[in-house]
Structure formats: structure tokens, C-alpha cells
Amino acid sequence: MKAAVIRKHGGPDVLSYEEINEPQTANGHAIVKVDYCAVNHLDIWVRNGLPGKQVLFPHILGCDISGTLVEGFGKFKKGDKVVVYPAIQSDVPRTSYSIIGGFGKYHGGYAELVQVPQKNIVKKPSWFTDIEACALNISYLTAWNMLERSRCKKGDTVFIWGANSGVGSAAILLAKARGFRIITVVSNENKIGLARKLGAHLVIDRSKSDVMAETLKHTKNQGVDAVIDHVGAKTWPTSIEILKVGGKMIACGTTTGGEANVNIRAFYSKEASITGAYLGTKLQLISLHKFMKSNKIRPIIDSVFSLKDVKLAHQKMEESAQFGKIILKVSR
Ligand SMILES: NC(=O)c1ccc[n+]([C@@H]2O[C@H](COP(=O)([O-])OP(=O)(O)OC[C@H]3O[C@@H](n4cnc5c(N)ncnc54)[C@H](OP(=O)(O)O)[C@@H]3O)[C@@H](O)[C@H]2O)c1
């Protein structure tokens, strides 16, 4: 089968599109023909390598899979359209999950066939196309979990970093459908219109405006009910400053680094809280599917690349040139 394999950590050039052996059937596992696999920032972390995180080479990236079952099992039949819930119970102490195609032992969806535990197979909802379905298992599920953890109610104001990102664009769409007021951020004026179209009430261009000042002005100095922060070191200080009294920051990522210098006094004096979010459960994925269907929400797809052009897809994400999900078409 064809796959994009990495044999060492590094830039997009370590991705090699080549012929490799097919995975074998194994007890309690299913083989899925991968139709589409979304690109996530996790793929870049794994490709680059992170201190203390191990990968067994050769490794296949790709955690966001929609595909077709090669053999039936239980209630599933051969040929069923499915998605793969990406979390595997972690064997690393104090970490809840490892992720298929991530730093764990499972190969991911940058390959025509993938072997995954049967319990990770979820029926693809017919409301979504195969392309859309692969976009939901990571960014949308995490955004959904973060919004649930925010405990925001209709009319509350949520601040969402990075409108163009997978997590950010998902959070805006889902927050809009829940009736929240949305403030979001972009890095250039080309993205402003797209962010507004998604449903943001205020879009701040961080290349031109001071994000904290604009947010406080817009909220009449009250601050926001919740902040969705997937950016990390560079945004945590602002995220804490713009929370209102009793506000909540929900954090899931470290795109700009994992160690932040924050104003602790500002944090405790307004009795704010910070909550972590790590993906979401399989049940949350199923309720996300139902919520999106009943609210007629389709994920935002930026572009579809063929698997052999995976390097270009990674470059696009590293340049933050996308708006929404970048997808790989895997099976020919
Ligand atoms: N905990 C979990 O379960 C979980 C799940 C999914 C994702 N994540 C993490 O969440 C993060 C986002 O993932 P993704 O796939 O959505 O990434 P992505 O699509 O590559 O988006 C990255 C975003 O970061 C923004 N950004 C970069 N530097 C910034 C800065 N200095 N200030 C403000 N914004 C900045 C970019 O916006 P600009 O264009 O404005 O630069 C872009 O919107 C990653 O770190 C990922 O690992 C975690």
C-alpha cells in the first residue's frame, strides 16, 4: 500500500510517500481503508519530535480518519463508512490518552490502510461527507469539549484565539450555534471577512490592534466569560488579563510554547479558573455529531491535498495559511 512514512524527526522533507507492507489483522482490531485524513497540529509536533516523547520509527502520522471497513465485526459490516475515535487509553502515568498516529504505538491515517482497536470505530453519520467526517475527530471534538468545560450559557461572551485554526474555527462555529457572543483573533486582514462569516461578533487583527485593549473596550472593561486558548505561551498572559471576575480559561495547546509568564495576582484577584482540555470522550464525539446535524453545521474545510502532496499540506499549516481544516485524500 501507499503511505507517507517518517523515519526520523524533522521538517516536512522527512515525510516520504512510498510503498510499504499492509497492516495485518489482529485480535480486537479492525482494518480501515482510509478515505480521508485531516491534518492537525499534532502531526507537526510528532514529525518535529518533542523532548521526552518517543516514536518508534518508521512511523505513520495522521489521527483524524474517515474510511471504509475492510472486514465486519459485531454490528459493523464490511464496507461500512466509519470514523476512528483517536484516543487510546494511555499507559503513560498521569496522561489520560495517547492518540492514534500520535506519540503512541499506533500508526495513523497517512496510509491506505490502518489497523485500529475495534472499540475506536464509530459509524460515520450520513449527514457528513467523507471529507467532512474526518475533520471532526480532533479539532471539533476538542473545541466541543472546551466549550462544554467553559460552562457558558446563551448570551455569554467567549474569546477564541486563532479563527483560522482547526480548533479556533471549530470553536467559533459551535459557540455560535450555542448562542454565545464571540470575540476572535486573526493575524492579517484577509482572514477578517472569513472569521466574521463564521459568526464572530468582533474580529481583532493582531497585526494591527492590541488584542487586550480591543477586548476590554468591546466588553466595557468587564472582560469575557471564557477564553478558548490553544496557542500557549504567547497568549496565556492576555487570556488571563481579559477574563471577567469569575471567568474561565480553557487551555488545550502550546503552539507558541509550553511555559508562560502570567500575572498571578490578576488571576486570583478576579477568582478566575483555568481548565485543561484533552480531546474529548467517544460519547462526546457522538453528541457532537448529533449537535452538528441538528444545527445543520458543516465543518470548515480549507483544502484537500492528495497524500503524495503531504509535504505541501504540512507547509501550509506551518505558515498558518489555511482557514479551517486541511485534508489529505488518501485512498486512490
Ligand atoms: N489538547 C488537545 O486535545 C488538543 C486537540 C487539538 C489541538 N490541540 C493543540 O491546539 C493547537 C491548535 O491546533 P490546530 O490543529 O487547530 O492548529 P493550527 O490549525 O495549525 O492553528 C494554529 C493557530 O495558532 C495561531 N497562532 C500562532 N501563533 C500565534 C500567536 N503568537 N498569537 C496568536 N495566535 C497564534 C495561528 O493563528 P495566526 O494565523 O493568527 O498566526 C493559528 O490560528 C495545537 O497546539 C494543537 O497541538 C490540542
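Biologist: Let's begin with the helices α1 and α10: which residues meet there?

Modeller: From α1, His-41, Asp-43, Ile-44, Arg-47 and Asn-48 meet His-314, Met-317 and Glu-318 of α10; contact means heavy atoms within 4.5 Å. Helices are DSSP runs of H or I with at least four residues, strands are runs of E with at least two, and both are numbered from the N terminus. Please keep in mind that this is a predicted model, where local features need pLDDT of at least 70 and side-chain atom pairs 80 or more, while totals for chains, interfaces and linings use all residues. Residues are numbered from 1 along each chain as its sequence is written, and side-chain values use heavy atoms, leaving out hydrogens and water.

Biologist: Why are α1 and α10 called roughly perpendicular?

Modeller: The axes of α1 and α10 come within 10 Å and cross at roughly 105 degrees. Axes are lines fitted to C-alpha atoms, for helices over the stretch in contact, and angles run from 0 to 180 degrees between N-to-C directions. Under 35 degrees counts as roughly parallel, over 145 as roughly antiparallel, 65 to 115 as roughly perpendicular and the rest as oblique. The pair α1 and α10 is therefore roughly perpendicular.

Biologist: What makes α3 and α9 roughly perpendicular too?

Modeller: α3 and α9 (residues 282-294) pack at about 90 degrees, with axes 10 Å apart, and therefore get the label roughly perpendicular. Residues making this contact include Tyr-140 and Trp-144 of α3 and Leu-288 and Phe-291 of α9. By class, the contact of α3 with α9 has eight nonpolar, five polar and one charged.

Biologist: Why is α3 called oblique to α4?

Modeller: Helix α3 (residues 136-150) and helix α4 (residues 166-177) pack at about 55 degrees, their axes 8 Å apart. That makes α3 oblique to α4. Among the residues in this contact are Ala-143 and Leu-147 of α3 and Ala-170 and Leu-174 of α4. The contact of α3 with α4 divides into eleven nonpolar, three polar and no charged.

Biologist: How do you know which residues surround the ligand?

Modeller: A residue is near a molecule if one of its heavy atoms lies within 4 Å of it. Here 29 residues surround the ligand, and the closest are His-41, Asn-164, Arg-206, Thr-255 and Leu-279.

Biologist: What is the peptide bond joining Phe-57 and Pro-58?

Modeller: That bond is cis, with omega about -5 degrees, and Pro-58 sits in the loop between α1 (41-48) and β4 (59-60). Lys-296, in the loop between α9 and β17 (301-306), has a positive phi near 55 degrees. Most residues other than glycine have a negative phi, and most peptide bonds are trans.

Key:
Nonpolar A, V, L, I, M, F, W, Y, C, P; charged D, E, K, R; others polar.
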